[in-house]
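Let's walk through this structure together, moving from the separate chains to the place where they meet.

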Amino acid sequence: MIREFSSADVMFIVLAVRWTLILSAIAFAGGAVGGLLVALARTSASRALRRASAGFIQVFQGTPLLMQLFLVYFGLAVIGLPIDPLLAAAVALTLHASAYLGEIWRGSIEAVPPGQTEAATALALSYPHRMRHVVLPQAARIATAPTVGFLVQLIKGTSLASIIGFTELTRAGQIVNNATFKPFLVFGTVAALYFILCWPLSLMARRLEARMRLAVTR
Amino acid sequence: MYQFNFGPVFENLDLLLHGAWLTVRLSFLAMILGLAVSLLGAVAKTSAIRPLRWLVDAYVEVIRNTPFLIQIFFIFFGLPAVGISMSPNTAALVALVINVGAYGTEIIRAGIESIPKGQIEAGRALGLSSVNIFRYVVVVPALRNIYPALTSQFIYLMLTSSVVSVISANDLASAGADLNARTFASFEIYLVLTVMYFLLALGFSALFGAIRRVFFTYPASR
């Protein structure tokens with residue numbers, strides 16, 4: 001039975017935005033922790049750590065996010081856990097974000113002039129203190145713009161969670177489209193909602209980048 | 001305890017290899033057409049006609065701020081409502097070209113802006129025509145500057161192309177999905193698919209590196 005595209009359908013789609021936001025927030029929070037560990041491993045003195053983290057980044061940047069989602073989704077059964085779309089999407093997107101943020105933050109850490117680390121070492125600061133009080137605060141300033149830019153990519157990436165059956169914005173659109181068969185209207189609305197989420201972040205990333213460039217060239 | 005069963009995967013490896021070939025072909029077609037769209041877009045962005053610039057800006061912003069999955073749904077399911085119907089394979093190619101064209105426009109525009117004004121003036125002083133200035137003074141050096149960004153965008157395009165399997169366009173991911181529907185060896189199939197995509201990405205990156213060494217190692221180092 002095909003019914004009209006009503007205001008209730010619009011509300012259903014708009015309310016599904018919260019699941020896109022929740023999934024993005026989980027992946028970003030998890031990815032921030034993972035990414036920091038990866039970035040520290042990438043810039044560490046131990047060759048084994050550097051190699052392992054470089055491999056991790058290469059695997060996650062060299063394979064499709066869709067395959068990562070499928071692998072984690074079916075992998076849950078392999079390790080004997082119940083198959084749950086939210087859990088699978090959260091784990092896969094967290095690993096994905098860890099690799100990308102790790103690579104972005106490695107670049108930011110390396111962009112801090114080595115004299116800063118040397119000066120901190122000369123002042124007898126230990127590695128944790130050196131990182132926490134000298135290197136990371138300066139790296140954070142450099143990292144802000146590309147991190148916001150990656151957030152846009154992550155929000156768009158959560159749409160793939162619909163394929164393993166998690167009901168976020170894209171899946172809500174598919175459900176409404178199956179009932180009303182108004183694909184032009186439904187997917188147009190869904191696209192507009194993603195745009196409203198992502199565009200301000202894109203503009204912010206661009207403004208931050210322009211300000212950073214001014215600060216560097218001054 | 002989970003019993004791994006790679007039998008169905010290796011018995012049907014020819015299907016997956018054929019799928020991989022389709023993914024390579026689709027990616028290269030989308031790359032070439034996408035590069036053409038990007039060049040047009042970048043030239044239009046430097047145009048004196050303001051509405052044209054706005055149009056290109058709108059295109060780039062809309063594509064870059066919406067997921068590829070929604071773009072392909074809109075093209076494959078939405079456009080027939082206004083009378084534009086395409087087969088899954090055509091829709092997949094069109095969606096990929098439109099998508100990579102938006103990113104490419106931004107990359108090439110940045111490349112053109114990276115050419116100092118003085119070089120163009122020098123070209124003019126040497127009596128080069130404006131077409132030759134655009135070709136030798138702007139495009140080739142700009143391409144050299146943006147080559148890494150452009151090629152990593154192309155590798156990303158190849159990885160993104162796995163999403164076209166949702167509209168049953170023919171590629172590696174849908175070859176895997178077909179096999180999964182017949183054999184249910186899900187984890188094993190997707191593990192092998194992931195490895196194959198990884199090898200494709202390594203292959204693309206090696207190829208782009210070779211092209212760079214042949215065409216973009218300019219005698220004068222910067």
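Start with chain A, which has eight helices and zero strands. Read along the sequence, its pattern is accordingly α-α-α-α-α-α-α-α. Keep in mind that you are looking at a predicted model. For chain A the pLDDT averages 94, and 98% of the residues score at least 70. Within this chain, confidence is highest in helix 2 (residues 47-61), at a mean of 97, and lowest in helix 8 (residues 183-217), at 92.

As for overall dimensions, the C-alpha atoms of chain A fill a box of roughly 75 × 50 × 25 Å along the principal axes. Of its 218 residues, 43% count as buried. The contacts also say something about how the chain is connected: among those between residues at least 6 apart in sequence, 75% join residues at least 24 apart.

Now turn to chain B. Its secondary structure comes to nine helices and zero strands, and from the N terminus on the elements run α-α-α-α-α-α-α-α-α. The C-alpha trace of chain B spans about 75 × 45 × 25 Å along its principal axes. Chain B has 222 residues, of which 39% count as buried. Here, among contacts between residues at least 6 apart in sequence, 77% join residues at least 24 apart.

Two packed helices are described by the angle between their axes and the distance between the axes. For helix 5 (residues 88-113) and helix 7 of chain B, the angle is about 145 degrees and the axes are 9 Å apart. The crossing of these two helices is right-handed. On the helix 5 side, the residues that meet helix 7 include B:Leu96, B:Val100, B:Tyr103, B:Gly104 and B:Ile107. From helix 7 of chain B, the partners include B:Val138, B:Ala142, B:Leu143, B:Asn145 and B:Gln153. By class, this contact of helix 5 with helix 7 in chain B has 14 nonpolar, four polar and no charged residues.

Next, bring both chains into view. Their contact takes 30 residues from chain A and 31 residues from chain B. On the chain B side, the elements that give two or more residues are helix 3 (50-64), helix 4 (68-78), helix 7 (130-160) and helix 9 (186-215). Helix 9 of chain B gives the most to that side, with 10 residues. Sorted by class, the chain B side divides into 22 nonpolar, seven polar and two charged residues.

Which helix of chain A packs against helix 9 of chain B? It is helix 3 (residues 65-78) of chain A, at an angle of about 150 degrees and with the axes 9 Å apart. Angles over 145 degrees count as roughly antiparallel, and these two helices are therefore roughly antiparallel to each other. Their crossing is left-handed. Helix 3 of chain A makes the contact through A:Met67, A:Phe70, A:Leu71, A:Phe74, A:Gly75 and A:Val78. Among the residues that helix 9 of chain B brings are B:Phe187, B:Tyr190, B:Leu191, B:Thr194 and B:Tyr197. In this contact there are 10 nonpolar, three polar and no charged residues.

A few loop residues complete the tour. A:Ser159 lies in the loop between helix 6 (127-157) and helix 7 (169-180) of chain A. Is A:Ser159 buried or exposed? The cut-off for buried is 20 or more other C-beta atoms within 10 Å; A:Ser159 has 25, so it is buried. Leaving aside neighbours within four places in sequence, A:Ser159 is in contact with A:Leu169 and A:Thr170, and also with B:Pro67, B:Leu69 and B:Ile70.

Two other loop residues have a backbone feature to look for. A:Ala124, in the loop between helix 5 (114-122) and helix 6 of chain A, has a positive phi of about 65 degrees although it is not a glycine. A:Ala124 is exposed, with 8 other C-beta atoms within 10 Å. In chain B, look at B:Phe184 in the loop between helix 8 (172-183) and helix 9. B:Phe184 has a positive phi of about 60 degrees, although it is not a glycine. With 11 other C-beta atoms within 10 Å, B:Phe184 is exposed.

Technical notes: Residues numbered from 1 in each chain as written. Chains lettered and ligands numbered in written order. Predicted model: local features only at pLDDT ≥ 70, side-chain atom pairs only at ≥ 80, totals over all residues. Contact = placed C-beta atoms within 7 Å. Helix = DSSP H or I, 4+ residues; strand = E, 2+ residues; numbered from the N terminus. Nonpolar A, V, L, I, M, F, W, Y, C, P; charged D, E, K, R; others polar. Axes fitted to C-alpha atoms, helices over the stretch in contact; angles between N-to-C directions. Parallel < 35°, antiparallel > 145°, perpendicular 65-115°, else oblique. Left-handed = near helix turned anticlockwise from the far one by under 90°. Buried ≥ 20, exposed ≤ 12 C-beta atoms within 10 Å, placed from the backbone. pLDDT = per-residue confidence, 0-100.
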